[in-house]
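Biologist: Could you take me through one part of this structure closely, the place where the two chains touch?

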Amino acid sequence: MIAAHGGRLVNRIAEGALRDDLLARAKKAPRLTLNAREVSDLEMIGIGAMSPLEGFMGSYDLGSVVNNCRLANGTVWPMAVTLSNKGVDAKIGEDIALVDENDELLGLLELSERYSFDKSEEARGCLGTDDDAHPGVKYLKSIGDEYLAGTTWVLNMPKHTLATNYRLTPRETRVLFKAKGWDTIVAFQTRNPIHRAHEYLTKCALEIVDGLMIHPLVGETKSDDISAEVRMKCYETLLDKYYPDDRVVLAVYPQAMRYAGPREAVFHAILRQNYGCTHFIVGRDHAGVGDYYGTYDAQAIFDTFGPDEIAIKTLNFEHAFWDKIAGAMASNKTAAATDPSDKVFLSGTKVREMLVKGERPPIEFTRPEVADILIDSMASKASV
Amino acid sequence: MNPKVTVKIPRPLYERIQQVIEDSGFSSPTDFVVFVLRDLVGDRALEKTEPEKGARAATNDEIDDIRRKLENLGYL
């Protein structure tokens, strides 16, 4: 089984006597309300998905991540994982109880540092831009100026109502892969319904490994992204009919989306390594938004690391489409078609227009069962 | 009962801690000592002395529990 990033699968979920002790400490501690991203980060740290992180970053780590794409100890780490203060006045060494927006206790922070960091510098380093229109920059500008760092413990898991049967921790997926006898597992990250192009990538990948984990992101996304609830119906339907039962698993990835393009691709890959995956699919404009990143920047960034710095291997794919000449899915690497009119590909805008009108996109673009779910969801949204 | 107790340390060490924490964010040598000791003998130490409470590989019983959960969810 592939090792966790940094060598050790972290577990910061408190149980038994330790939890009792920490609950007593939390009761006496000031309470800090986490936003949706911070809640998902706390959960991801707790279950070990963010190994080797054991808490929210301090200034040394953040500075190193922003400027060198590595933690202060040199371990590759591409994204900021920070906790913003919202008026809590605690001293270093004290505890802070972490609560959700309903004031439900989630965890405990053992405060090791309070600090400020230049948000524009953080945005340029991690997101590649400090343009206010970028959703990641918007987020940074919306949170407080002071960060709180320290190790965290999860005392109560966040309450989920979505995809409750698909929530597996890294420890659980590792047991699952072992039980299935899979040595090599490819992860597919997605925040969209799976259309034919993505189905093609995942099946190409599955040809060379033992198993495929469809691992859709179900944390916070932009309001105009298709909801995780609708996407889950699409995945279930697609897997039920068009994928082999014994080679594919569906589980959810509770992280919030950062839209950080290449750096987030590295983030997504490392975290899937923690889930026990050996391979990771990187397509075009992975984790991109708008035109902030080059089409294949998210593939190229992996070449900037040394061969031993990231254990999970990427499988890079070009833009895929239906090739009318060959009568099959293809990419520019494999297509017989050269004329654009022989390549069936629809823009996201065009697909949305068709779905809103109740029209199924061509079968070469999306499976009819998936199209019907999306049409229904758009119709019910319009009727609200 | 007072939840805190007094621990005596050599004065030179105390004075050295006072120097170390200057401008560090620790408000007193006591805060610093509590932080260091908690790190040293608290949660992290549990991983070594009481592995069931810290980060470590899953035990056979836990793996069995996970397998049961995976079976119940239809994964196995």
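Modeller: Happy to; here is a walk through the contact between the chains. This is a predicted model, in which local features need pLDDT of at least 70 and side-chain atom pairs count only at pLDDT 80 or more, while totals for chains, interfaces and linings use all residues. Residues are numbered from 1 along each chain as its sequence is written, and chains are lettered from A and ligands numbered from 1 in the order in which they are written.

Let's begin with the whole interface. In total, 18 residues of chain A are in contact with 20 residues of chain B (two residues are in contact if their C-beta atoms, placed from the backbone, lie within 7 Å). On chain A's side, helix H1 (16-28), strand E4 (105-116) and helix H6 (170-180) each supply at least two residues; helices (H or I, at least four residues) and strands (E, at least two) are DSSP runs, numbered from the N terminus. H6(A) gives the largest share of that side, five residues. By class, the side of chain A that touches chain B has seven nonpolar, four polar and seven charged residues (Ala, Val, Leu, Ile, Met, Phe, Trp, Tyr, Cys and Pro count as nonpolar, Asp, Glu, Lys and Arg as charged, and the others, Gly among them, as polar).

Now zoom in on H6(A). With helix H4 (residues 60-72) of chain B, H6(A) packs at an angle of about 80°, the axes being 10 Å apart (axes are lines fitted to C-alpha atoms, for helices over the stretch in contact, and angles run from 0 to 180 degrees between N-to-C directions). That angle makes H6(A) roughly perpendicular to H4(B) (angles under 35 degrees count as roughly parallel, over 145 as roughly antiparallel, 65 to 115 as roughly perpendicular and the rest as oblique). From H6(A), the residues making the contact include A:Val175 and A:Leu176, and among those from H4(B) are B:Ile63 and B:Arg67.
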